[in-house]
Structure formats: structure tokens, C-alpha cells
Amino acid sequence: MTFSRLADRRPVETSVERDDGVVFSLRGAGGGADLPHDLVHALVETELGMTDGIWGCIADGVVWTTMRHVSGRQPPHAAERSARLKRERAAAIQRAEGVADLVARSARGATVLPGEATALDLPPERLAAAAAALADAGQRWRALPVGESWTLEWRPAPARSGRRRR
């Protein structure tokens, strides 16, 4: 995943190369000094070991409507697989959105109600660690010169403390 730092709030173009060699361009929200929404997901999902969130879905073959195929041969029945995975993982995807939102708000110092973290079934110390990592990433992003890129490899951290992976 390669995220380019833009000067204004126009949509961010992210280059994504899956393990099968297929390359997509993903258009998402962000730009300027704010971390792009898709980068927030990548960082939070990696930190928390979430393999069935937005980026885990992309790695497994989901193609969102904001994605444009750039190169590489897609596997047979890719569209059907994508649609099936979206249906099967709808709850996990919704949960990933909630987790990313909560961690991002926490990283900015915004109010997070105690019940919100409890509802996500993640240990508070892990959420706090993810928020600290995201705050550090925000500083790194703001320091990145306009026009430069930040490249990440999708490798979520293993689930910790015996809890099942989500």
C-alpha cells in the first residue's frame, strides 16, 4: 500500500498491490495534514491484528467500488468472490469501521465513552496502544513533505493474549 501526501483535501489515491500481483488504485478520503481514512484503517487493523477488516478483505480479494484495476490478471470469478466476501464479512467490516473511528478519536484526544470500548470487546490497553501508535503516525504523516509517499506492507500483528482474531 502506498499513500501519497497531498496538499489539500482532495481524495487520496492509494496504490495497492495484492500478494497475487494484482494492482489497484484506491480512492479515499483524506489529504493535507490529516491521516487518510484508509491509512487509519491500515494502521489500526495492523496494530490490533484485525485480519477481517477493510485491508484483510482487500488482501483476500474484495474489490470496493472506490478501487480501479491498474494491472495484473485477476483470478477467475473475482467479482463473485468479492461479492461473497462482502456479504460474509459485513459485520466484521462494520466493526472495523467502529474500531478505526474509536481509535482515531482517542488518538486526537476526543471523548470516547467507556461503553464504546467495552462494546468492541478489545482490551482497553490494546486500544490505548493503537491510539498512541496512530497519534505517532499522525505526526509522521504531517512531517512527510507534500508529494512524498508512505508505503506499508499489509501484515497484521498476531492476535495477543489468547483472544481470538477478528
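Mentor: Let us begin with charge. The protein chain carries 24 positive and 21 negative side chains, and the centres of these two sets lie 2 Å apart. Please keep in mind that this is a predicted model.

The protein chain contains 6 helices and 5 strands, arranged from the N terminus as β-β-β-α-α-β-α-α-α-α-β. Its radius of gyration is 16 Å, close to the 15 Å given by the globule rule for 166 residues, so the protein chain is as compact as a globular protein of that length. Of those 166 residues, 42% count as buried. Among contacts with a separation of 6 or more, 67% join residues 24 or more positions apart.

In soluble globular proteins, nonpolar side chains tend to be buried together. Here the largest nonpolar core has 41 residues, and Trp55, Val103 and Trp150 have the most contacts inside it. At least two residues of this core come from each of β3 (23-28), α1 (37-48), α2 (54-60), α4 (90-107) and α6 (124-143). The largest share, 7 residues, is supplied by α4.

Setting aside neighbours within four places in sequence, Trp150 is in contact with Met1, Thr2 and Phe3, with Leu35, Leu39 and Leu43, and with Ala137, Arg140, Trp141 and Leu144.

Technical notes: Residues are numbered from 1 along each chain as its sequence is written. This is a predicted model: local features need pLDDT of at least 70, side-chain atom pairs count only at pLDDT 80 or more; totals for chains, interfaces and linings use all residues. Side-chain values use heavy atoms; hydrogens and water are left out. A nonpolar core is a set of buried Ala, Val, Leu, Ile, Met, Phe, Trp, Tyr and Cys residues joined through side-chain atoms within 4.5 Å. Buried means under 20% relative accessible area, exposed over 50%, partly exposed in between (1.4 Å probe, protein chains only). Helices (H or I, at least four residues) and strands (E, at least two) are DSSP runs, numbered from the N terminus. Contact means heavy atoms within 4.5 Å. The radius of gyration is taken over C-alpha atoms; the globule rule is 2.2 Å times the number of residues to the power 0.38. Lys and Arg count as positive and Asp and Glu as negative; His and the chain ends are not counted. The place of a charge is taken as NZ of Lys, CZ of Arg, CG of Asp or CD of Glu.
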